[in-house]
Amino acid sequence: MDLARMRVDGSDLDRMTESLFFEGMKRRTKTSQFWVLLALAGIIATLGVMQDSTATVIGAMIVAPLMTPIIGTALAFVLTDRAMLTRSITLWVVGALLVVAIGFFFGWIDWAFTTEGNSQVASRVSPSLIDLVAALATGLVGAFALVRADVSDTLPGVAIAIALVPPLGVCGLVLQEGNYAEAFGALVLFSTNVSAIIFTGTLLLLLYRVRDVAQQKGRRLEKLTGGSLFVVIGMVLVVAIPLGFGTSRVVAEQQITFTATPIAQQWAEEQDWDITQISAENKTLRIIALGRPPEIDPSALRERLDEAGLADVDMQVSLVLGGSIDYPAANN
């Protein structure tokens, strides 16, 4: 990276504050636009999740304006502007609650909807440390696009990658079903993205010497203490704790699946059945076997899994009777 270019000027600072802070003559217009777009993005995201439609969810990511006050939080923090810091935090916190409420409402009015088997839900309720790394990288790109007007065209891609609104819609939907653990997972994913944006935004704005430019323009800044910076770092560390547990759980589940798969496949082949699906979740091994009658007893499989060291893992086997019989036409 060119260190000589790692600096903004007065016009860059004006551009950033105008785009991120809801103040001045356009404050009312920008605020109303924010809430309208956020409500629409929340509806689109929720319906996209309910339809299990990736394209619709992506559309909601592009429309959602939630990233503006989140990056605004980083800028307000760097400029030690308490009024704008409070306003920015309030906007994205209340905005997040609005989207959760939208998800809850649509889940409530569609009584036939269930999140079980929905890929959009499944991908957002079990975050891991990989999600934190991806969020940090994406947040860095977003902050870079903010300070460099010549690369601002990347912002739509950042909005898609960071995925702020869909986890909130998922949270509302699973809350309505009473799945509090999954709701917590979706909130952790949202918090991970928020923390990553604020952390990387703060870091890059400091590297680009935004405070120096602001002082040169006559802006009075309070001292940015080490304790304040630790708060930003602490946000990332706090979300890393549940993500670490999530990562260990995913690794354990993958190990269970890896160990059980060849055993289950051999068991099924001996009975002339086929394994169509095998997965592990919350220390429960789920197996779906397909074959022709008569129905077989999976107790032999249980014994083999116990011998392989999976005696402490619950097993759930779904035996689907399959096969086909040909009925030729009477005229043949």
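This is a predicted model: local features need pLDDT of at least 70, side-chain atom pairs count only at pLDDT 80 or more; totals for chains, interfaces and linings use all residues.

Student: Are H12 and H13 roughly parallel or roughly antiparallel to each other?

Tutor: Start from the crossing angle of roughly 150°. Angles over 145 degrees count as roughly antiparallel. So for H12 and H13 the answer is roughly antiparallel.

Student: Is the crossing of H12 and H13 left-handed or right-handed?

Tutor: Look at where the two helices meet: Trp267 and Glu270 are among the H12 residues there, and Arg304 and Leu305 are among those from H13. As for the sense in which H12 passes H13, the crossing is right-handed.

Student: How many residues of the contact of H12 with H13 are nonpolar?

Tutor: From H12 the contact includes Ala260, Ile263 and Ala264, and H13 brings Ala300 and Leu301, among others. Set aside 1 polar and 2 charged residues, and the nonpolar count is 7.

Student: On to the strands. Which residue in S2 is the bridge partner of Ile275?

Tutor: Strand S1 (residues 274-281) pairs with strand S2 (residues 284-291) in the antiparallel sense, over 7 bridges. The two form a hairpin with 2 residues between them, and Asn282 in the turn has a positive phi of about 50°. Across in S2, the partner of Ile275 is Ala289.

Student: And which residue in S3 is the bridge partner of Gly291?

Tutor: S2 also pairs with strand S3 (residues 314-321), here in the parallel sense and over 8 bridges. In S3, the partner of Gly291 is Leu321.

Notes
Residues are numbered from 1 along each chain as its sequence is written. Side-chain values use heavy atoms; hydrogens and water are left out. Axes are lines fitted to C-alpha atoms, for helices over the stretch in contact, and angles run from 0 to 180 degrees between N-to-C directions. Helices (H or I, at least four residues) and strands (E, at least two) are DSSP runs, numbered from the N terminus. Angles under 35 degrees count as roughly parallel, over 145 as roughly antiparallel, 65 to 115 as roughly perpendicular and the rest as oblique. A crossing is left-handed if the near helix is turned anticlockwise from the far one by less than a right angle, and right-handed if clockwise. Contact means heavy atoms within 4.5 Å. Ala, Val, Leu, Ile, Met, Phe, Trp, Tyr, Cys and Pro count as nonpolar, Asp, Glu, Lys and Arg as charged, and the others, Gly among them, as polar. Two strands pair if DSSP finds at least two bridges between them.
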